[in-house]
Amino acid sequence: MIDDAFLKDNEAIIRKLQQIPVLRSMEKEHLQKLLDLSEIREFSPGEQIVEEGRFDHLIYYLISGKAKIVKDHKELAIIRRTGDVFGEMGVIDGSARSASVFAVDKTVCLCTDMSQIEALYGDSKFAFRYTVFRGFAQILANRLRMTTAELLQLREALADSKRSEA
């Protein structure tokens, strides 16, 4: 793990967080508070970040590196862009992790425990919740668009296959 005290005072990490689309609108003082409620974790290649079937309250913002999402020993996706988020589904609906995530190469993530945000009070709590859940909505909308496009392509391919058999 990276030295949290060093990173929390480091302007470079704040600038990196400001590149994350779902955090871009946060003021610098709120980003610092988010760092205070989070950990910066570094994962080695092949190291498991998230375990399928486990319950927790963590969400992960990719800062650098690459990670792969795996379900039933099958690779589903590679996460590689700064700001990519994973682990949000369990936080949204309280369910167990639906897939595992492994570091592909040296991977650095901001790990935020949503139960810490829920423990805040006043404007900070509402600002953080709004920003995080708005980000979740954007992510899920994008994933739904991609899934819909894939479904339509598969339906078209199936229809073409049935037409060629007839």
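How many bridges join β3 to strand β8, and in which direction do the two strands run relative to each other? Six bridges connect β3 with β8 (residues 107-113), and the two strands run antiparallel; one of the residues involved is L58, whose bridge partner in β8 is D113. The model is a predicted one, in which local features need pLDDT of at least 70 and side-chain atom pairs count only at pLDDT 80 or more, while totals for chains, interfaces and linings use all residues. Residues are numbered from 1 along each chain as its sequence is written, and side-chain values use heavy atoms, with hydrogens and water left out.

Strands here are DSSP runs of E with at least two residues, and helices are runs of H or I with at least four, both numbered from the N terminus; two strands pair if DSSP finds at least two bridges between them. On these terms, β3 and β8 belong to an open sheet of four strands in the order β1-β8-β3-β6, with antiparallel pairing. Because β1 (38-43) and β6 each have a single partner strand, they stand at the edges, and one side of each is left without a neighbour in the sheet. Across β1 and β8 lies helix α3 (residues 28-36), running at about 65 degrees to β1, where axes are lines fitted to C-alpha atoms, for helices over the stretch in contact (heavy atoms within 4.5 Å), and angles run from 0 to 180 degrees between N-to-C directions.

The structure holds one aromatic pair, a term that covers rings of Phe, Tyr and Trp (its six-membered ring) with centres within 6.5 Å, counted as stacked if the planes are under 30 degrees apart, as edge-to-face if over 60 and as tilted otherwise. The rings of Y60 and F86 have centres 5.0 Å apart and planes at 0 degrees, so this pair is stacked. It links distant parts of the chain, with Y60 in β3 (residues 58-64) and F86 in β6 (residues 85-86), 26 residues apart. Y60 counts as buried at 2% relative accessibility, buried being under 20% relative accessible area, exposed over 50% and partly exposed in between (1.4 Å probe, protein chains only); F86 is likewise buried, with a relative accessible area of 2%.

A disulfide requires a pair of cysteine sulfur atoms within 2.5 Å, and by this rule the count comes to zero. The sulfur of C109 has its closest cysteine sulfur in C111, 5.5 Å away, which is too far for a bond. C109 is buried, with a relative accessible area of 0%, and C111 also counts as buried, at 3%.
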